[in-house]
Structure formats: structure tokens, C-alpha cells
Amino acid sequence: MHKQNIALLSVIFILIGIGIIMVFNTAAMVAILKFNNPFHFLARHLILAFIGLIFMFTSMNIRYEMLKKLGKPLLVLTIILLILVYFPHIGRAAGGARRWIRIGPSSMQPSELAKLVMIMYVSNFLTRKQHNIKEFIRGFLPQMLVLGLVLALIIKNDLGSCVLIAGIVLTMMFISGANTGHLAIFFLSSLPAIYIAIRTFPYRMKRIMVFLNPWEDPLGKGYQIIQSFYALGSGGWWGAGLGKGIQKLFYLPEAHTDFIFSIIGEELGFIGTSLIIMLYTYIIWRGIIIAYHAPDLYGHLLAIGITVMIAYQVIINIGVVTGLLPTKGTTLPFISFGGSSLIVNMTAIGLLLNVSKEWER
């Protein structure tokens with residue numbers, strides 16, 4: 001394996017290690033209260049990380065030609081899973097949204113899988129239709145129909161994932177040379193759908209209002225982001241010290257999932273958060289290099305899509321916890337507790353390394 005790939009894997013393992021430490025650190029008290037076991041979330045996270053390793057090394061070593069053929073069958077499977085979410089005895093609801101499918105004692109989130117599957121499918125389609133990419137009927141419309149179907153199945157329960165998936169696909173199409181006018185038409189035509197999706201569900205409109213002024217409802221919808229501000233603001237340069245933060249003690253909701261970066265800021269300070277951002281920056285930089293040297297157009301687009309997916313997730317998560325974006329349930333890649341997200345992101349890194357291996361041959 002190339003030394004640069006070893007470096008990339010090392011960075012991923014460092015982030016996963018940080019995630020293991022921080023999940024136990026932030027969730028131990030919650031686990032005691034809910035399950036009378038401080039190791040409940042840690043044990044689950046370790047199992048999920050192990051499963052993620054299996055998927056990562058499998059996707060890294062699968063034959064490259066076979067990889068190209070997986071996009072369409074995986075897309076069909078993903079669409080079926082997205083439909084199953086709406087079945088009462090199969091789908092699981094939490095926080096007023098149905099995003100999960102029960103799998104024995106555990107569950108999975110199909111919208112997380114949809115991010116990676118759409119990257120694989122779009123990469124293959126754009127490779128095959130490269131000569132028609134600027135045509136509306138043969139190059140643009142088929143992709144928008146598939147994207148529209150996937151988004152339609154997700155938008156009721158997870159508007160944030162819809163925006164993220166659409167952003168990834170549009171970025172890939174822009175980089176592949178699609179007509180910018182067509183992309184602009186899709187963007188403008190999607191605005192009414194986003195508006196309706198926000199107005200139809202009052203809690204989404206409330207999130208927008210809280211984003212504009214969290215102090216309007218400091219003990220209600222604004223409580224979480226205000227506590228995040230307290231955590232980040234109290235950390236200073238060096239933080240209070242690992243394990244010494246107080247916001248995780250039932251002050252900051254979802255401290256081990258979406259808002260784990262806030263606890264890192266509180267306990268490790270500006271230096272700690274900056275180091276983590278530097279690790280993500282290396283992953284993104286390395287992803288761009290792999291895309292640039294990819295052996296073919298498919299590998300180029302696959303690497304771009306995966307890099308963009310990780311970059312957008314990092315930007316959204318940090319943007320939310322710092323109050324720069326409205327609250328949205330996007331995990332911090334490789335660190336937050338969240339099985340579907342962790343496994344999908346680790347699988348994506350395996351695919352990125354697969355592209356890099358083809359370039360090295």
C-alpha cells in the first residue's frame with residue numbers, strides 16, 4: 001500500500017479513536033440513567049466500528065470492474081428500504097420522524113445509505129453518458145428523475161439529508177461538465193418544494209426562527225444551540241480537560257451524536273477542535289488528489305463524490321453546533337455515535353482507497 005494511503009488510513013483510525021473516547025466520555029452518564037450501564041453506548045459504538053472496518057476493507061478490495069456494476073442494484077435496494085421506512089411494523093420513529101428500519105434489536109437509517117449509493121450510481125451514469133452530459137433529455141433529465149424519486153422518499157422525515165444528497169449530486173454533475181443552466185433550473189424549481197416541506201411541518205419553521213434568534217425561546221427550541229454556545233465558549237484555548245466538561249451532564253441534548261463537537265470544544269478547547277478540523281482537511285485534500293489521479297472517469301467522479309460527501313457533512317455539523325446553520329441531525333463523520341453514518345462513511349473511505357489502488361497499478 002502506498003505511504004499516502006497508509007497516512008489516510010491512519011487519520012481515519014485517529015478520528016475513530018477520538019470518537020470511541022468521546023462517545024464514552026459524553027454518553028456514560030446518559031447510559032447509566034437509561035440503561036444502568038455506563039458502557040452501553042461504548043459497547044455499541046465499538047461493535048459498529050468493527051462492522052465498519054469489515055465494510056471498509058471489503059469495499060477497498062472489491063474488484064474495480066465489479067464496483068462499477070453495483071450502483072444500479074444498490075440503488076434499487078436503497079429505494080426499497082426507503083419505502084419500508086413508512087411501514088409501521090418495519091420503520092421506527094424517533095423525535096417525530098420515521099428514519100430507521102428495525103433490524104432485530106438494532107436499526108439502520110436508509111437515508112445514510114442513499115448518500116453513498118447515489119454517488120456510485122451517478123458516477124457510473126455520468127461515465128456512460130459523458131458525451132450527452134450537456135443534453136437535457138439524455139444527459140440531465142434521467143439523473144434528475146432518479147434524484148427526485150430518492151428525495152421524495154426522504155423529504156418528509158429528513159429534509160437535511162435531502163439537501164445534502166442533492167448538493168452532492170449537483171456538485172458531481174457540475175464537475176463532470178453538465179450544463180449550468182440545467183443545474184440552475186433544478187435548483188430554482190426545488191425551492192418551492194423546500195418551502196412547502198418547511199411550512200408543512202411547524203417544527204422545521206421553528207428551527208429556522210430559532211436559528212435566526214435562539215434567545216427567543218431559550219428554554220425550548222433554542223435550548224440546545226445555546227448550551228452548545230456555552231460549551232464552545234467555555235473551552236477557551238486549551239479546554240477544561242478531557243472528561244471535565246459539564247455540558248454533557250444533561251445540559252446539552254444529543255451530546256454524543258450531533259453535538260459531540262461542542263463537548264470536544266469544551267474539554268479540549270480551540271486547539272483540540274482545530275486539530276480535528278486539520279485531520280478532516282487532510283482527508284479532503286487526499287480525496288482531491290486521488291480524484292485527480294484516478295485511472296478513469298468513473299474513479300474520478302466516485303472519489304469526488306465521496307470527498308464532497310465527507311466535506312459537506314463536516315461543514316454542516318460544525319456549522320450547526322456553532323450556530324452558523326439551522327439545527328439539522330448530521331453527525332460528525334467517524335466521531336459521532338451513529339451506526340449507519342459510521343458504517344457508510346467507513347465504507348466510502350474503502351471505496352476511495354480502492355480508486356487510489358487502481359491508480360497505483
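User: Which residue forms a salt bridge with Arg138, and how far apart are the closest N and O atoms?

Analyst: Side chains of opposite charge can pair when their charged atoms come close. A salt bridge here is a side-chain nitrogen of Lys or Arg within 4 Å of a carboxyl oxygen of Asp or Glu. Arg138 pairs with Glu135, with 2.9 Å between the closest N and O atoms. This is a predicted model, in which local features need pLDDT of at least 70 and side-chain atom pairs count only at pLDDT 80 or more, while totals for chains, interfaces and linings use all residues. Residues are numbered from 1 along each chain as its sequence is written, and side-chain values use heavy atoms, with hydrogens and water left out.

User: Are Arg138 and Glu135 buried, exposed or partly exposed?

Analyst: Buried means under 20% relative accessible area, exposed over 50%, and partly exposed in between (1.4 Å probe, protein chains only). Arg138, at 48%, is partly exposed; Glu135, at 29%, is partly exposed too.

User: How many salt bridges does a search of the whole structure find?

Analyst: The search finds 5. One of them joins Asp296 to Lys68, with the closest N and O atoms 2.9 Å apart. This pair links parts of the chain 228 residues apart: Lys68 is in helix H3 (residues 64-69), and Asp296 is in the loop between H11 and helix H12 (297-321). Helices are DSSP runs of H or I with at least four residues, numbered from the N terminus. Asp296 is partly exposed at 24% relative accessibility, whereas Lys68 is buried at 18%.

User: What separates Glu112 and Lys115 along their helix?

Analyst: Glu112 and Lys115 are 3 residues apart in helix H5 (residues 110-128), which means about one helical turn lies between them. Their side chains meet in a salt bridge of 3.1 Å, N to O. Glu112 is buried at 5% relative accessible area, and Lys115 is buried at 2%.

User: What lies around the Glu266 side chain instead?

Analyst: A polar atom of the Glu266 side chain lies 2.9 Å from the backbone nitrogen of Ile246. Contact means heavy atoms within 4.5 Å. Leaving aside neighbours within four places in sequence, Glu266 is in contact with residues including Ala231, Ser234, Gly245, Ile246 and Gln247.

Terms used: A polar contact is a pair of N or O atoms within 3.5 Å; within protein, one must be able to donate a hydrogen and the other to accept it, and residues adjacent in sequence count only if both atoms are side-chain atoms. Helices (H or I, at least four residues) and strands (E, at least two) are DSSP runs, numbered from the N terminus.
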